[in-house]
Amino acid sequence: GARVRGGAHIGMETGTSAEGGVMDVFVTLTAALDHERDTKEKIRGVVMEMEQVGRNLLSLMQGVHQCSTADEGSDLCQKADGMFLSAREHVEMLKRVVPNGSYYQFHDQWRFVLQRLSFLTSLLHYMRTGQLASRGDVAAALGVCVSQDEGFHLDIDDYLMGVLCLANELSRLAVNSVIVGDFQRPFAIAELLTTISSGFRLLNLKNDALRKRFDGLKYDVSKVEEVVYDLTVRGLKPQSGEKRPAP
């Protein structure tokens with residue numbers, strides 16, 4: 001229709017054309033939502049398989065608490081290597097189903113399993129070297145990038161959460177090492193955990209979950225310090241310069 005105001009003829013949009021424009025918007029949104037839903041389903045399928053691999057690895061790596069010799073530790077690491085190959089293959093599958101530039105859009109779906117794999121990678125690295133794996137070490141082992149600019153990467157918070165999980169596991173290992181007769185490892189663990197704790201204090205942590213987990217680190221350090229103190233009082237502290245056996 002039309003109307004006259006002040007001598008001017010004003011055209012009115014027809015209801016049909018306006019309705020068509022609105023419907024086009026929603027058709028486009030529907031297609032985008034369907035694509036996002038399909039992507040999430042694909043990611044969920046891969047992540048579920050990754051979680052099973054992670055559980056199997058965790059079960060195997062619990063054997064570190066029963067290793068009383070370097071040979072036993074080496075055998076365990078070799079068994080873990082094969083399972084880590086499977087983990088890496090699943091990470092490759094995940095990388096293929098995540099659209100470029102959409103890492104943080106879907107990050108919540110794989111965050112926890114990647115944190116677990118980061119932790120287990122760090123534990124295996126520790127068993128081999130007695131050292132803390134860097135973010136680059138863990139990323140390389142899992143087949144992902146370090147820098148966000150390079151694509152699918154190991155998020156800093158995910159790496160740090162893995163380090164805190166490692167600290168908790170090593171506090172248990174310090175206790176269990178004494179049970180299997182290894183009186184040297186707790187001193188090495190105490191030194192490493194103290195350094196990790198000092199390193200975390202340099203960080204300005206924004207992630208609430210990470211801050212809460214960091215709060216538990218002091219208890220891990222305290223537990224190991226008690227073990228070390230007890231061994232020292234009993235005269236079981238390694239002599240200065242005494243060579244430690246390989247992890």
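Here is a short chat about a few features of this predicted model.

Guide: In this predicted model, local features need pLDDT of at least 70, side-chain atom pairs count only at pLDDT 80 or more, and totals for chains, interfaces and linings use all residues. Residues are numbered from 1 along each chain as its sequence is written, and side-chain values use heavy atoms, with hydrogens and water left out.

Visitor: Why is Leu-76 called buried?

Guide: Buried means under 20% relative accessible area, exposed over 50%, partly exposed in between (1.4 Å probe, protein chains only). Leu-76 has 9%, so it counts as buried. You'll find Leu-76 in helix 2 (residues 70-97); helices (H or I, at least four residues) are DSSP runs, numbered from the N terminus.

Visitor: What does Leu-76 touch?

Guide: Not counting residues up to four places away in sequence, Leu-76 touches Leu-60, Met-61, Gly-63, Val-64 and Cys-67. Contact means heavy atoms within 4.5 Å.

Visitor: And what makes Val-22 partly exposed?

Guide: Val-22 has a relative accessible area of 44%, so it is partly exposed. Val-22 sits in helix 1 (residues 15-61).

Visitor: How do you know that helix 3 has a kink, and where is it centred?

Guide: The bend at a residue is the angle between axes fitted to the seven residues ending there and the seven starting there. In helix 3 the kink is about 60°, centred on Gln-109. Helix 3 (residues 103-129) spans only 32 Å between its end C-alpha atoms, while a straight helix of 27 residues would span 39 Å. That expected span is 1.5 Å times one less than the number of residues. Just after helix 3, Gly-130 takes a positive phi of about 75°.

Key. Helices (H or I, at least four residues) and strands (E, at least two) are DSSP runs, numbered from the N terminus.
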